[in-house]
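Here are my notes for you, written to be read with the model open beside them. Take the points in order and find each residue as you go.

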Amino acid sequence: MYLKGTVLLSAYNVFTRVEPELKEQAESVLDQLGIPMSNAVGMFLRQIVLQKGIPFETKLPRTAPLTYGSLTKEQFDKEIEKGMSDVKAGRVYSADAIEAEMKRDFGI
């Protein structure tokens with residue numbers, strides 16, 4: 001327990017398992033910010049309460065792009081047919097736009 005003004009508050013311990021490297025990296029950042037790990041965890045929990053949910057977006061990662069070597073001949077032919085249909089329908093993008101999207105979505 002600790003005293004805040006004239007109100008006696010309780011504090012509870014929270015134990016969690018994290019990867020050692022993740023803990024070290026987080027501590028390094030928090031040290032630079034001057035925030036103890038326990039305060040950062042408390043801040044996270046307060047944000048969960050305030051936002052009534054996880055305070056950041058959680059979603060599954062996008063799937064990786066298809067590669068030639070991962071396709072059977074039939075799958076490859078089907079993908080080529082889909083591409084040709086897109087070209088005929090005018091659904092095309094510049095090489096620069098595709099490159100930017102690949103960098104953004106897949107880091108390549």
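Predicted model: local features only at pLDDT ≥ 70, side-chain atom pairs only at ≥ 80, totals over all residues.

1. Residues are numbered from 1 along each chain as its sequence is written, and side-chain values use heavy atoms, with hydrogens and water left out.

2. The overall layout. Two strands and four helices make up the list of elements in the chain, and along the sequence they run β-β-α-α-α-α. Here helices (H or I, at least four residues) and strands (E, at least two) are DSSP runs, numbered from the N terminus.

3. Surface and contacts. Of the 108 residues in the chain, 4% are buried; buried means under 20% relative accessible area, exposed over 50%, and partly exposed in between (1.4 Å probe, protein chains only). The chain exposes about 10,200 Å², with 59% of that coming from carbon and sulfur atoms; these areas come from the Shrake-Rupley method with a 1.4 Å probe, and for residues only the protein chains shown count as cover. Look also at the contacts (heavy atoms within 4.5 Å): among those between residues at least 6 apart in sequence, 25% join residues at least 24 apart.

4. Lysine 52. This residue sits in the loop between helix H2 (37-51) and helix H3 (73-88). Its phi is positive, about 55°, although lysine 52 is not a glycine. Most residues other than glycine have a negative phi. Lysine 52 is exposed, at 76% relative accessible area.

5. Aspartate 105. Is this residue buried or exposed? Aspartate 105, in helix H4 (residues 95-106), is buried, with a relative accessible area of 19%. Its side chain makes a polar contact of 2.9 Å with the side chain of arginine 104. A polar contact is a pair of N or O atoms within 3.5 Å; within protein, one must be able to donate a hydrogen and the other to accept it, and residues adjacent in sequence count only if both atoms are side-chain atoms.

6. Aromatic pairs. Rings of Phe, Tyr and Trp (its six-membered ring) pair if their centres lie within 6.5 Å; planes under 30 degrees apart count as stacked, over 60 as edge-to-face and the rest as tilted. The count is two aromatic pairs. Phenylalanine 44 and phenylalanine 56 have ring centres 6.2 Å apart and planes at 25°, so this pair is stacked. Phenylalanine 44 belongs to helix H2 and phenylalanine 56 to the loop between H2 and H3, so the pair ties together parts twelve residues apart in sequence. For tyrosine 68 and phenylalanine 76, the centres are 5.1 Å apart and the planes at 90°, so that pair is edge-to-face. Tyrosine 68 is exposed at 62%, whereas phenylalanine 76 is partly exposed at 30%.
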